[in-house]
Each structure stands twice: as structure tokens, then as C-alpha cells.
Amino acid sequence: MTIKEFNRTNVRTLNEEVAAALEPIAKKHGLVLDRKGKTFYRDRMPAMFQFIVRVEDADGNVLGAKAQEFKDGARLVGLDPSDLGKEFVSRGSRYRITGLNLRARKYPVLAENLSNGKTYKFAESVVKRGLEAAK
């Protein structure tokens, strides 16, 4: 199939094929493959992947890049590294903590809305209140 113009469907397919081709190389060297960026244009699609040194938590679970970034930066925003994956309620909706963006000083915490699957940004104070209320 020849691609004449990029769209969501063929970009998704192409990314899956590229990841499948790179995954054996990552496994061979004990690394984790991570996809970076999701932007595409009609006439081009930057394909950004990175190889990451495999890091495991105390239970032997492999941490992805976002999980490792959260573990490394959680204390900088007043959260505990174990807060990754915890759920909280804000404005009547339930969220799960999925990561951090330390460059976003005002809203550094990333969380997935459990009802619609979208990711939202939160101030650490909102997340802390939500986690305290969930106890």
C-alpha cells in the first residue's frame, strides 16, 4: 500500500510496524522501547522512538519512561513515588495518576479521566487533596 497522505489510521499502522521492527533490537540489548511524539502532517510524520535502560521496581515490574520519570520527580512536586497509578476525585470525576510534566510548573501532574480515557493536567495541590480524600 502506498501512502499518498498521512491520516490517523495509516500513522497508527506505520507506528505499530516501526515499533514491531525495533522491539527485537531493544530486547536483544535489555532495553525498553518508547514512542515519543504523536504529531503528523499531511505530507510527513516524524517517527521518534527512544531506547531506555530497563529499570524495575521492588516487585520486579519494568517501569516505562513515564513511570521512571514520575518516580524520579514525584518528591519535587510534593507527591510520593508510590502515588503513580493511584486514583483520586476532582470536581466529581475520578482520575488515575499517569505521570508528570516537570516543565509545566503550574499543572505538572498528568492523570487519566477514568470515564472518558482522556489525560488532563493538574496542580499538585488538587491531586494531594484528592488523594487525602480517597483515604
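Start by selecting helix 1 (8-28) and strand 1: each supplies at least two residues of the lining of the second largest pocket. Helices here are DSSP runs of H or I with at least four residues, strands are E runs of at least two, and both are numbered from the N terminus. Helix 1 gives the most to this lining, with 6 residues.

Before going on, a word on ground rules: this is a predicted model, where local features need pLDDT of at least 70 and side-chain atom pairs count only at pLDDT 80 or more, while totals for chains, interfaces and linings use all residues. Residues are numbered from 1 along each chain as its sequence is written, and side-chain values use heavy atoms, with hydrogens and water left out.

Now show Val11, Arg12, Asn15, Arg35 and Lys38, which lie nearest the centre of that pocket among its 13 lining residues. A pocket is an open set of points on a 1 Å grid over the protein atoms alone, where a 1.4 Å probe fits, with protein on both sides within 12 Å along at least five of seven lines; lining residues have an atom within 4 Å of a point. The volume is about 220 Å³, taken as the space filled by probe spheres set on the points, which are joined across faces, edges and corners.

Next stop, the largest pocket, at about 490 Å³. Select Lys36, Lys66, Glu69, Leu100 and Leu110, the closest to its centre of the 16 residues that line it. Strand 1 (31-36), helix 2 (65-73) and strand 6 (93-100) each give two or more residues to the lining.

Which order do its strands follow? It is an open sheet of 4 strands, 5-6-7-8, with antiparallel pairing; two strands pair if DSSP finds at least two bridges between them. Strand 5 (87-90) and strand 8 (119-122) are the edges, each pairing on one side only. The twist averages 45 degrees from one strand to the next.

Zoom in on strands 6 and 7 (residues 109-113), joined by 5 bridges, and find Gly99 opposite Leu110. Strand 7 also pairs with strand 8, over 4 bridges, and there Ala111 stands opposite Tyr120. These two form a hairpin with 5 residues between them, and Gly117 in the turn has a positive phi of about 80 degrees.

Methods. Axes are lines fitted to C-alpha atoms, for helices over the stretch in contact, and angles run from 0 to 180 degrees between N-to-C directions.
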